[in-house]
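The structure comes first, and the description follows.

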Amino acid sequence: MTTRRKLLGAAGAVALMAMGATSAMAQEVTLKLHQFLPAQANVPKLILDVWADKVEASSDGRIKIDRYPSMQLGGKPPELMDQAIDGVADIVWTVVGYTPGRYPSTEVFELPFMMTNARAASHAYWEMFDEHMKDTEFKDVKILGTWVHGPGIIHTTDPVESPDDLRGMKIRGGGRSVNGLLTELGATPVGMPVPAIPEALSKGVIDGTTIPWEVTTALKVPELVENHTEFTGRALYTLTFVLAMNKEKYESLPDDLKKAVDENSGLEFSVFAGGTMADADTPAREFALDEGNNVITLDEEQTAIWREASQPIYKQWLDDMKAKGVDGDALLEQATYLIDKYTAQYDN
């Protein structure tokens with residue numbers, strides 16, 4: 001009997017070792033996703049969490065993605081890309097323009113009155129990223145998604161209808177192009193990450209801000225300013241985003257886990273992300289109207305005045321691209337063509 005128990009015990013130990021080996025072979029991975037907005041904001045709630053949940057499901061639970069909102073891993077929003085490169089975080093979502101001039105090709109989508117709708121521009125952005133930026137400007141990271149937000153809007157304490165109305169105002173701008181436009185129109189651009197906007201407005205540090213509708217409710221902007229200026233046709237501006245992963249971390253994954261990441265990333269995800277942000281504009285706009293705020297919608301003739309005033313920004317950007325050795329004219333031509341092409345597709 002004793003011998004039999006010993007044999008059964010040895011067999012059990014072998015079985016446990018085999019199970020342990022199988023578990024090790026399964027290689028469960030935990031990834032840290034870091035970003036700057038509160039967890040309840042639209043992008044984390046409607047885009048990043050959806051993406052992370054899908055990756056986890058596609059991996060049969062072998063990938064776990066821990067989500068860190070509001071810069072909980074430390075640092076400031078402009079440091080997010082370096083955190084992805086250095087491995088402080090495994091994955092980051094960030095505004096590309098938080099590091100001005102570092103990824104110059106993306107700025108073609110941020111030029112004034114380039115964007116028609118977020119789905120079309122996000123589709124074009126991914127296509128051009130894949131062709132021009134993947135192995136150059138973004139070679140140090142694994143890019144999982146590229147997208148833009150809906151039309152950029154001006155939100156101010158005093159009403160703004162003409163470019164002259166901006167003169168003397170201190171306005172938070174989100175990127176180089178919109179900051180250049182603000183300067184051109186006589187305003188003083190004030191650079192700051194999105195989370196700093198409410199305090200800056202409440203303390204009078206700025207007279208207004210440029211952001212899309214969708215994030216205004218999370219930032220309580222309709223409670224801090226009463227005027228909102230939107231445009232007809234192409235948007236005043238938009239900003240570019242990336243979901244970026246530490247390259248070594250991605251390469252360390254077994255092929256089946258890489259597949260779980262890849263099949264939920266790329267073009268389709270980018271279009272989904274941009275479209276989801278834009279779709280969230282409508283309820284946020286309605287909230288501002290419900291608050292009794294003044295929403296100024298400029299007609300085509302009024303918008304044309306702004307478009308004409310924005311033309312020097314194109315020359316500045318093209319000159320800057322030339323100085324960097326980038327063919328800005330070719331990027332501008334391709335981006336315009338693709339945005340128009342995909343606008344027709346998504347409008348239908």
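Two residues are in contact when heavy atoms of theirs lie within 4.5 Å. The model is predicted: local features need pLDDT of at least 70 and side-chain atom pairs count only at pLDDT 80 or more, while totals for chains, interfaces and linings use all residues. Residues are numbered from 1 along each chain as its sequence is written, and side-chain values use heavy atoms, with hydrogens and water left out.

Leaving aside neighbours within four places in sequence, I206 is in contact with K170, R172, V190, M192, I197, A200 and L201. I206 sits in the loop between α6 (197-202) and β8; helices (H or I, at least four residues) and strands (E, at least two) are DSSP runs, numbered from the N terminus. I206 counts as buried because its relative accessibility is 2%. The classes are buried under 20% relative accessible area, exposed over 50%, and partly exposed in between (1.4 Å probe, protein chains only). Between the C-alpha atoms of I206 and K259, which are 53 residues apart along the chain, the separation is 46 Å.

V225 belongs to the loop between α7 (221-224) and β9 (227-230). With a relative accessibility of 2%, V225 is also buried. Beyond its neighbours within four places in sequence, V225 has contacts with H155, T156, T157, L201 and N293. For V225 and H155 the C-alpha to C-alpha distance is 6.8 Å, at 70 residues apart in sequence.

**Overall make-up**

The protein has 14 helices and 11 strands. Its C-alpha trace spans about 95 × 45 × 40 Å along the principal axes. Of its 348 residues, 51% count as buried. Among contacts with a separation of 6 or more, 78% are between residues 24 or more positions apart. The protein exposes about 15,600 Å², of which carbon and sulfur atoms supply 51%; accessible areas come from the Shrake-Rupley method with a 1.4 Å probe, and for residues only the protein chains shown count as cover.

**Charges and salt bridges**

Lys and Arg count as positive and Asp and Glu as negative, with His and the chain ends not counted. Each charge is placed at NZ of Lys, CZ of Arg, CG of Asp or CD of Glu. The protein has 32 positive and 52 negative charges, and their mean positions are 10 Å apart.

A salt bridge needs a side-chain nitrogen of Lys or Arg within 4 Å of a carboxyl oxygen of Asp or Glu. The structure holds 18 salt bridges.

| Pair | N to O distance |
|---|---|
| E56 and R67 | 3.5 Å |
| E199 and K203 | 2.7 Å |
| E230 and R285 | 2.7 Å |

E230 is buried at a relative accessible area of 10%, whereas R285 is partly exposed at 27%.

E56 and R67 form a salt bridge at 3.5 Å, N to O. This pair links distant parts of the chain, with E56 in helix α2 (residues 42-58) and R67 in strand β2 (residues 63-68), 11 residues apart. R67 is partly exposed, its relative accessible area being 30%. A network of salt bridges links D49, D53, E56 and R67.

In the remaining listed pair, E199 is partly exposed at 47% relative accessibility, and K203 is exposed at 59% relative accessible area.

E214 lies in the loop between β8 (208-212) and α7. E214 is buried yet has no salt bridge, and K45, the nearest side chain of opposite charge, is 9.0 Å away. Not counting residues up to four places away in sequence, E214 touches N42, V43, M277, A280, D281 and A284.

On the surface, E223, E286, D290 and E291 gather in a patch of negative charge. Patches are made of residues with over 30% relative accessible area and no salt bridge, like charges being joined within 9 Å and nonpolar side chains (Val, Leu, Ile, Met, Phe, Trp, Tyr) within 5 Å. D290, in helix α11 (residues 281-290), is exposed with a relative accessible area of 68%.
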